[in-house]
Amino acid sequence: MLTCAAAAAVASVVFLPKGADTIAAMSDPQDLLWMRRALELAQGVIYTTSPNPRVGCVIVRDGQVLGEGATQPPGGPHAEVMALRAARAGGHDLAAATIYVTLEPCSHFGRTPPCVDALVAAAPARVVVALGDPNPRVAGQGFARLRAAGIAVTTGVCEEEALALNAGFVARMSRVTPWVWLKLAASLDGRSALHNGVSQWITGDAARADGHAWRARADVVLTGMGTVLKDDPQLNVRAVQTPRQPRKAVVDGRFQVPEDARLFDGTPAWVFTAVQDEAKAARLARRNVEVVCLPDAAGQRVDLPAMMRWLAARECNEVHVEAGAGLSGALLAADCVDELLVYLAPVMLGDAAGMVQMPMLEHLDAARRFRFTDLMRVGEDVRLRARDASRWQALLASTRRAAQH
């Protein structure tokens with residue numbers, strides 16, 4: 001969420017997905033109004049719910065809010081329970097009320113009881129949901145339980161906005177890998193560093209702070225060995241306030257990472273390598289670093305797709321990559337990148353290093369293609385966002401299948 005002061009300094013253009021305006025036009029204006037309030041509540045907990053999804057809930061009757069809430073940190077109540085508690089604290093009967101929730105209510109016991117049971121007990125007239133939950137333990141069962149209790153259910157209201165808040169959770173549940181975005185900073189002519197390696201700072205303070213906000217929402221900040229050697233980064237969140245720091249991770253195929261690197265500050269970190277060195281791994285373990293050996297078929301480099309599956313198995317929803325041109329290009333070539341987050345500075349660097357190193361293409365058909373979704377001015381720089389459209393549509397399809405069960 002932007003403050004008024006920040007919004008005044010930012011100009012933004014959003015590229016709507018094809019058909020998004022049609023979907024919105026088909027929804028009742030009141031449903032859109034209250035679902036967007038539920039989305040605001042979910043946005044407000046964007047740094048705190050992982051590995052659970054970010055969910056908001058609003059209970060409305062006759063245009064008045066009876067209660068609202070958002071999912072608490074893991075182990076705490078979910079959004080629906082928080083909203084129901086608020087409504088009961090206000091002495092409200094929920095007969096004839098409509099409950100708006102950004103994700104299908106859970107129908108299984110996890111860290112907390114099923115939210116759908118609480119909704120059924122409250123007996124509202126209607127439940128409006130933005131997004132089906134592809135979690136195999138839910139996947140339409142929440143909707144089925146509501147309908148079986150005689151509660152009307154509407155789905156698909158603001159579904160793309162809801163997916164944007166939880167693309168990582170949906171990706172982990174539907175394809176068993178996280179949602180991965182690649183953060184890049186470059187000049188207008190697409191250069192990210194001088195040939196002598198100097199790259200700090202191409203973009204300004206506002207762009208770097210915005211990048212830290214993206215770090216804060218991720219579960220993992222991932223970099224490569226070259227960046228550790230060149231910049232000795234901390235990889236933590238400093239420019240925005242967050243109650244939770246993401247895990248740090250380094251891709252280091254030859255296991256050459258310096259043991260005194262600044263990122264090894266005692267907070268949890270992972271090093272992914274293709275080489276076994278038990279003595280070094282044991283020393284790093286004493287600094288809260290887990291070394292994970294995942295060699296590719298040749299045994300020379302880290303198997304990047306296997307690394308993404310490993311991260312998903314550790315309940316990582318979102319991965320924020322800030323790396324040099326080598327690892328950035330390798331992740332793209334391995335088809336591990338879902339989204340690009342590109343900051344462009346109003347400067348020309350000329351003959352300098354590019355943003356990514358990828359194999360030379362012989363045909364344009366072999367190019368990795370993305371679709372622009374957002375253009376925003378951040379301070380003196382510009383931020384571009386672009387998604388792999390086919391991957392985005394696959395996530396949407398998984399949530400729609402859940403809603404149809």
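Biologist: What is the bridge partner of leucine 341 in β17?
Modeller: Arginine 385 is the partner of leucine 341. This is a predicted model.

Biologist: How do you know that β14 and β17 pair?
Modeller: Two strands pair if at least two bridges are found between them. Six bridges join β14 to β17 (residues 381–387), so the two strands count as paired. They run antiparallel.

Biologist: How many bridges join β7 to β14, and do these strands run parallel or antiparallel?
Modeller: Seven bridges link β7 (residues 179–187) with β14, and the strands run parallel.

Biologist: Why is β14 called largely enclosed?
Modeller: Buried means under 20% relative accessible area. Seven of the seven residues of β14 (residues 339–345) are buried, so the rest of the structure largely encloses this strand.

Biologist: Which residues of β14 are buried on each side?
Modeller: On one side sit Glu339, Leu341, Tyr343 and Ala345. On the other are Leu340, Val342 and Leu344. Both faces are covered. Side chains in a regular strand alternate between the two faces of the sheet.

Biologist: Why is serine 328 called buried?
Modeller: The cut-off is under 20%. Serine 328 has 0% relative accessibility, so it counts as buried. Serine 328 lies in helix α12. Beyond its neighbours within four places in sequence, serine 328 is in contact with Leu182, Leu184, Ala323, Met355 and Val356.

Biologist: Why is glycine 326 called partly exposed?
Modeller: Glycine 326 has a relative accessible area of 36%, so it is partly exposed. Glycine 326 is in helix α12 (residues 325–333). The UniProt annotation "binding site", from an unreviewed entry, covers residues including Gly326 and Ser328.

Biologist: What makes lysine 280 buried?
Modeller: Lysine 280 has a relative accessible area of 8%. The limit is under 20%, so lysine 280 is buried. Lysine 280 belongs to helix α10 (residues 278–285). Setting aside residues up to four places away in sequence, lysine 280 touches Phe255, Gln256, Val257 and Glu259. Lysine 280 and glutamate 259 are 21 residues apart along the chain, with their C-alpha atoms separated by 8.3 Å.

Biologist: Where is aspartate 232, and what is its phi?
Modeller: Aspartate 232 is in the loop between α9 (225–231) and β10 (247–251). Its phi is positive too, near 45°. Aspartate 232 has a relative accessible area of 27%, so it is partly exposed.

Biologist: How do you know that the peptide bond from serine 50 to proline 51 is cis?
Modeller: Its omega is near 10°. Most peptide bonds are trans. Proline 51 sits in the loop between α3 (29–43) and β2 (56–61).

Biologist: How many residues has the largest nonpolar core, and which have the most contacts inside it?
Modeller: This core has 62 residues, and Met35, Ile59 and Leu94 have the most contacts inside it. At least three of its residues come from each of domain 1 (28–173 + 397–404) and domain 2 (176–360). A second, separate core of 31 residues includes Leu182, Ala186, Leu294 and Leu332.

Key. Residues are numbered from 1 along each chain as its sequence is written. This is a predicted model: local features need pLDDT of at least 70, side-chain atom pairs count only at pLDDT 80 or more; totals for chains, interfaces and linings use all residues. Side-chain values use heavy atoms; hydrogens and water are left out. A nonpolar core is a set of buried Ala, Val, Leu, Ile, Met, Phe, Trp, Tyr and Cys residues joined through side-chain atoms within 4.5 Å. Buried means under 20% relative accessible area, exposed over 50%, partly exposed in between (1.4 Å probe, protein chains only). Domain bounds come from an automatic or database domain assignment. UniProt positions are given in the numbering used here, feature names are shortened, and annotations may be inferred rather than shown by experiment. Helices (H or I, at least four residues) and strands (E, at least two) are DSSP runs, numbered from the N terminus. Contact means heavy atoms within 4.5 Å.
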